[in-house]
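Please read them beside the coordinates.

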Amino acid sequence: MAEDKFTAIIVGAGPAGSTAAYMLAQEGLDVLLIERGETPGSKNMFGGRMYSNALNSIIPGFWEEAPLQRPVVKEIVSFMSGSRSVSMTCQDPEWLKPPCHSYTILRAEFDAWLANKAEEAGAILACGIRVDDVLIENGRVIGVRAGEDEIHADVVIAADGANSLLTEKAGLRKALLPGQVGTGVKQLIELPADTISQRFQLEENQGAAGLFVGTCSAGMQGGGFIYTNLNSISLGLVVNAAELQRNQIKISELLEEFKSQPQIAPLIAEGEVVEYSAHLVPEAGMNMRPELFGEGILVAGDAAGFVINLGYLVRGMDLAIASGAAAAKTILEAHKNNDFTRQSMSRYLEFLKKNGVWNSMENYRHTPEFLDTRRLYEAYPQFVTNLASDVFTIDDGKSEHLIGKMMRAIKSSRINWSKLAGDAFKGGRAL
Amino acid sequence: MKKLNLQELLAKNKFLVDDEENHITLNKEICTQCEAKPCIFACPAGVYSLKDGEIKFDKAGCLECGTCRVICSHPGAIDWQYPRGTFGVIYRYG
């Protein structure tokens, strides 16, 4: 392997890396896709859902062959305050029209499929290899080092995930700060497919996705999620790492607590936990963006911080796929012109702008700072649940008017109204 | 559903433990000076623990998320790499 020189070496066979490898191999370029897991996907986890658009533009009709779990027809957002909660459900059959708006997914099988597509297209897939460093010569990246092997290429794509050591080693990013990432944990809970459909009121193999804000994160910046797979449920929490750093709270115990809540327990009753996983989640968006390109190198997917969390909607995989595609287009052009200089690599930004990744990230630039407002996780869920509970509770012939109930909920929540107005404005701008 | 402790949770996972190489090494001199020791709480796999005032690290249950690396506020205390190829946690679902 040491004597070969590839056009592109891609580090990490996740959605970003495999998409780039697939597109480059399709055009006949020499591509090496390196994965440290024994199989692609064996090191990867996420909450549970992929939006379809990005992949469908690269592999049209992907849903006919990809290992998918359920197409999501139902969205549920819940505020939790103790054992009380208020939820909003939105169901839209339009989301089931091919390619279907989004699917729940298990990464071990899905990532293996996508990497296999790249391999079928002609990329060389090398699994079980940890890339230790980038090779730099005269300020330009000329390949990677894995153990004692040095492998050369015109260009390297760092698609090595949220905790990307490669972008740090290439000098494209400083060490991550705790406030820039969340720690995500998930339990995979097996249940019969019928049971899941009944409990979530779903027809056949349609899916539901739920996000939770409030006591599930013990008032810390974060939230809970639930996704229905075919015969399992993905249940988990994401909490900002800076919160975990300062609050001596164990997220594994928090997840057990979440499971026991009355909103969750009946959904997973009699289920069997078959896996417990954890991963970092980029949370700071454009504010944590590394240098996306350098001489002979590009950064894609989670490694580039391409995740959008709006509280009621979370995107990551589709942005990873689209950024992998943009990286591939950059390299195809560079290959044609035989120019892998920094300037040539800077075209990556143009391709990211063309396929929407850049604009999506830019539009939500202010969301992370908005979400760093403790009131969102404690006072507001408490206010909303108290008020709703009051509205639905009859009270001994007092028959208090709604306005009175509202005032009482306001008082008991101790919400500062100028702060609420400020948060509402910030939220409007950020979301 | 019965509450599960971390050992029970981690026992659900498939691991290939590397007996020859540690992917995380601690500089105990630096760790001794750290009062807060947030790694003990923040690690989702609970691989850090305190024994006789000293931090112990058990790589066996490590989920390779990198939380400890990010939250450690003492530069040089945690030398963090991914496990060698194929070793470590093997997600069967993800």
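The points below go from conventions to the chain contact, then to helices, loops and backbone angles.

1. This is a predicted model, in which local features need pLDDT of at least 70 and side-chain atom pairs count only at pLDDT 80 or more, whereas totals for chains, interfaces and linings use all residues. Residues are numbered from 1 along each chain as its sequence is written, and chains are lettered from A and ligands numbered from 1 in the order in which they are written.

2. The contact between the chains draws 43 residues from chain A and 31 residues from chain B, two residues being in contact if their C-beta atoms, placed from the backbone, lie within 7 Å. On the side of chain A that touches chain B, at least two residues each come from helix H3 (107-120), strand E11 (181-190), helix H6 (241-246), helix H7 (251-260), helix H8 (265-268) and strand E15 (272-282) of chain A; helices (H or I, at least four residues) and strands (E, at least two) are DSSP runs, numbered from the N terminus. E15(A) gives the largest share of that side, 8 residues. By class, the side of chain A that touches chain B has 21 nonpolar, 13 polar and 9 charged residues, where Ala, Val, Leu, Ile, Met, Phe, Trp, Tyr, Cys and Pro count as nonpolar, Asp, Glu, Lys and Arg as charged, and the others, Gly among them, as polar.

3. Among the buried residues of H3(A) are A:Arg107, A:Phe110, A:Asp111, A:Leu114 and A:Lys117, a residue being buried if 20 or more other C-beta atoms lie within 10 Å of its own, exposed if 12 or fewer, and partly exposed in between, with C-beta atoms placed from the backbone. The cover over the buried residues of H3(A) includes helix H1 (15-26), strand E2 (31-35) and strand E7 (124-127) of chain A. H3(A) is followed by A:Gly122, whose phi is positive, near 120°.

4. The axes of H1(A) and H3(A) come within 8 Å and cross at roughly 20°, which makes H1(A) roughly parallel to H3(A). Here axes are lines fitted to C-alpha atoms, for helices over the stretch in contact, and angles run from 0 to 180 degrees between N-to-C directions; angles under 35 degrees count as roughly parallel, over 145 as roughly antiparallel, 65 to 115 as roughly perpendicular and the rest as oblique. Residues of H1(A) including A:Ser18, A:Ala21 and A:Tyr22 meet residues of H3(A) including A:Asp111, A:Leu114 and A:Lys117.

5. Helix H14 (residues 379-391) and helix H15 (residues 402-413) of chain A have axes that come within 9 Å and cross at roughly 150°, which makes H14(A) roughly antiparallel to H15(A). Their crossing is right-handed, and the contact of H14(A) with H15(A) has 7 nonpolar, 4 polar and 3 charged residues.

6. Which residues does A:Gly179 touch, not counting residues up to four places away in sequence? They are A:Asn240 and A:Ala242. A:Gly179 is found in the loop between helix H4 (165-169) and E11 of chain A, and is partly exposed, with 19 other C-beta atoms within 10 Å. A:Gly179 and A:Ala241 are 62 residues apart in sequence and 6.0 Å apart in space, C-alpha to C-alpha.

7. Some backbone angles deserve a look. The peptide bond from A:Pro98 to A:Pro99 is cis, with omega near 10°, and A:Pro99 lies in the loop between strand E5 (84-91) and strand E6 (102-104) of chain A. A:Gln201 has a positive phi near 55° although the residue is not a glycine, and is exposed, with 11 other C-beta atoms within 10 Å. B:Thr86, also not a glycine, has a positive phi of about 75°, and is partly exposed, with 18 other C-beta atoms within 10 Å.

Key
Left-handed = near helix turned anticlockwise from the far one by under 90°.
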